Amino acid sequence: MAIEKFVVVGASLAGLRAVEAARKAGFQGEITLIGAESHLPYDRPPLSKEFLEPADGQPDPPYFREESVFADELGVTLMLGRPATELDVEARVVRVGTDQVPYDALVIATGAAARHIPGAESLAGVQVLRTLDDSLAVRNALDEGARTVVIGAGFIGSEIASSANKRGVEVTIVEALPTPLVRATGTEMGPAIASLHERNGTSLRCGVGVRSIEGLDRVEKVVLEDGTEIPADLVVIGIGVTPSVGWLEGSGLRLDNGIHCDETLWTGVPGVYAAGDVVSWPNPTLGVRQRMENWTAAAEQGAAAARNALDPGNAKAYGTVPYFWSDWYDVRIQHVGTPDADEVVLVEGDLERAPATDNRWIALYRKGDRLVGALTVQGQAEIMKYRVQIMKGASWEDALAHAARRREAHAAKLAAV
Amino acid sequence: MKILVDYDKCTGLGICESLAPDHFEVNDDGDLVLLEEHVSDEDIQAVEEACAGCPTEALRVER
Ligand SMILES: Cc1cc2nc3c(=O)[nH]c(=O)nc-3n(C[C@H](O)[C@H](O)[C@H](O)COP(=O)(O)OP(=O)(O)OC[C@H]3O[C@@H](n4cnc5c(N)ncnc54)[C@H](O)[C@@H]3O)c2cc1C
Ligand code: SF4
């Protein structure tokens with residue numbers, strides 16, 4: 001069947017890359033991009049970083065493309081501010097309220113939504129941070145010097161805390177787990193990275209849950225399980241995300257921690273592929289089923305899903321060594337591969353001292369006799385060398401030898417200045 | 001074919017280095033160093049993936 005109508009649901013990073021890849025692959029048919037938000041597609045990582053920094057006036061929203069690019073260069077019909085409400089795989093249509101959008105090939109890139117604390121949604125001053133509008137609200141509150149409580153010491157929560165700290169407002173992070181960041185970085189490095197907060201004057205309370213968030217119309221305080229009360233003008237909840245699949249209930253797609261796909265990002269339903277934070281797929285590079293929540297995978301999957309959807313006969317598996325970064329207090333944290341390891345070894349750096357050019361923290365993750373992950377703090381020159389090694393299936397021994405060589409070279413260089 | 005870098009946009013995230021290590025490297029200061037600006041037919045695919053993979057959209061290939 002010739003594919004004439006290509007539809008993408010979700011107008012963010014993965015969706016944008018899908019429509020761009022379709023045109024790049026030479027697709028000449030109709031393309032429709034459907035998005036729930038009224039904004040043009042924009043970039044999320046800056047929303048908890050640069051976008052929150054003090055500035056004269058409002059910084060420009062991080063839009064990826066101008067509207068004219070969609071209309072003129074890409075020939076894409078935008079349906080923004082219009083959430084898809086239903087997928088009918090028999091009739092091959094996406095329903096958007098009462099409108100029907102027929103497709104021959106479809107990429108679903110509806111991403112994920114921030115989890116809220118039930119009951120706290122209606123209180124002014126309580127925020128999640130996933131969208132541009134969320135970020136603007138947090139920004140405005142910080143501009144007013146809001147005393148800030150961040151709930152959840154994950155990466156996004158930590159970035160917000162670090163931004164608030166930079167502005168000199170009072171900020172506390174509350175984390176229910178005894179050690180933060182364990183799921184993302186493992187038990188060895190999680191606490192080390194979390195120590196950056198205290199080092200920079202942000203208080204971090206771990207191992208204590210939130211009992212209630214209180215206030216009349218506006219938030220006034222956060223009460224912890226142990227009875228501690230923390231006064232607050234702004235509460236930002238950073239307790240993770242849920243894949244946006246509600247609109248697909250009953251569609252026949254398999255939903256299990258996102259949309260369940262195969263190696264080619266195919267849902268198993270003719271013509272329907274998925275990409276980005278919403279997709280769970282077996283990552284052939286690591287040999288495990290995963291759902292990513294990072295920029296790199298969303299961008300690459302968007303393009304890969306579009307190419308496969310438009311030429312299913314030649315569909316290619318999508319594999320990656322996962323990568324994410326996070327910026328706090330002027331240091332850069334980078335992770336490649338998986339934190340799921342038998343052993344984590346610090347190959348460079350002293351965790352008792354703050355990370356710096358002369359104290360890069362570099363940790364390697366071993367599974368069996370293979371290198372499966374690497375984490376660096378201020379190790380921008382090192383991290384990608386490990387990503388290449390993991391891609392090539394490097395042995396643990398080789399990775400350690402490489403680390404030793406690089407450590408010596410770096411020490412020699414520092415001694416020379 | 002030649003690689004063009006917008007250094008105002010690049011923040012040294014290094015994706016490009018992992019995809020095309022013969023062309024890109026991030027140095028100790030976290031700045032991108034272009035090791036080889038010319039792209040051969042052999043390398044073009046890797047370099048294009050690096051351009052597409054850059055989270056700040058700082059890279060382009062001029063043909
Ligand atoms: C504050 C913040 C900071 C981040 N920082 C980093 C970082 O430093 N490094 C990193 O690697 N990653 C980071 N990420 C993660 C990264 O931004 C995501 O992985 C990426 O945005 C995923 O892209 P996506 O297109 O799959 O989904 P999303 O960006 O979630 O977009 C999905 C879109 O689909 C829309 N949608 C949902 N349901 C429907 C529907 N029914 N119909 C139509 N549209 C719908 C949504 O409104 C949304 O616009 C960060 C994310 C956030 C929120
Ligand atoms: S991927 Fe982009 S931001 Fe990162 S170093 Fe390369 S050019 Fe710079």
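Let me start with the second largest pocket, which has a volume of about 1,600 Å³. Its lining holds 40 residues, and the closest to its centre are A:Lys24, A:Ala303, A:Arg307, B:Glu48 and B:Ala52. Keep in mind that this is a predicted model.

Which elements build that lining? From chain A, helices H1 (13-24), H2 (67-73), H6 (295-310) and H7 (383-391) each supply at least two residues. H6(A) gives the most, with 7 residues. By class, the lining splits into 18 nonpolar, 7 polar and 15 charged residues.

Next, ligand 1. It has 31 residues around it, and the closest are A:Ser12, A:Glu37, A:Arg44, A:Lys49 and A:Arg130. The side chain of A:Glu37 places an N or O atom 2.6 Å from an oxygen of ligand 1. On its own, ligand 1 has 1,000 Å² of accessible area, and the protein covers 93% of it. H1, strand E2 (30-35), H6 and strand E22 (323-328) of chain A each give two or more residues to this shell. The shell counts 17 nonpolar, 8 polar and 6 charged residues.

Last, ligand 2. Where does ligand 2 sit? In the largest cavity. Chain B surrounds ligand 2 with residues including B:Cys10, B:Cys16, B:Leu32, B:Cys54 and B:Thr56. This shell has 7 nonpolar and 4 polar residues, and no charged ones.

Note on methods: Residues are numbered from 1 along each chain as its sequence is written. Chains are lettered from A and ligands numbered from 1 in the order in which they are written. This is a predicted model: local features need pLDDT of at least 70, side-chain atom pairs count only at pLDDT 80 or more; totals for chains, interfaces and linings use all residues. Side-chain values use heavy atoms; hydrogens and water are left out. A residue is near a molecule or strand if one of its heavy atoms lies within 4 Å of it. On a 1 Å grid over the protein atoms alone, a cavity is a set of points where a 1.4 Å probe fits but cannot get out, and a pocket is an open set with protein on both sides within 12 Å along at least five of seven lines; lining residues have an atom within 4 Å of a point. A molecule sits in a cavity or pocket if more than half of its atoms lie within 2 Å of its grid points. Ala, Val, Leu, Ile, Met, Phe, Trp, Tyr, Cys and Pro count as nonpolar, Asp, Glu, Lys and Arg as charged, and the others, Gly among them, as polar. Grid points are joined across faces, edges and corners, and a volume is the space filled by probe spheres set on the points. Helices (H or I, at least four residues) and strands (E, at least two) are DSSP runs, numbered from the N terminus. A polar contact is a pair of N or O atoms within 3.5 Å; within protein, one must be able to donate a hydrogen and the other to accept it, and residues adjacent in sequence count only if both atoms are side-chain atoms. Accessible areas come from the Shrake-Rupley method with a 1.4 Å probe; for residues, only the protein chains shown count as cover.
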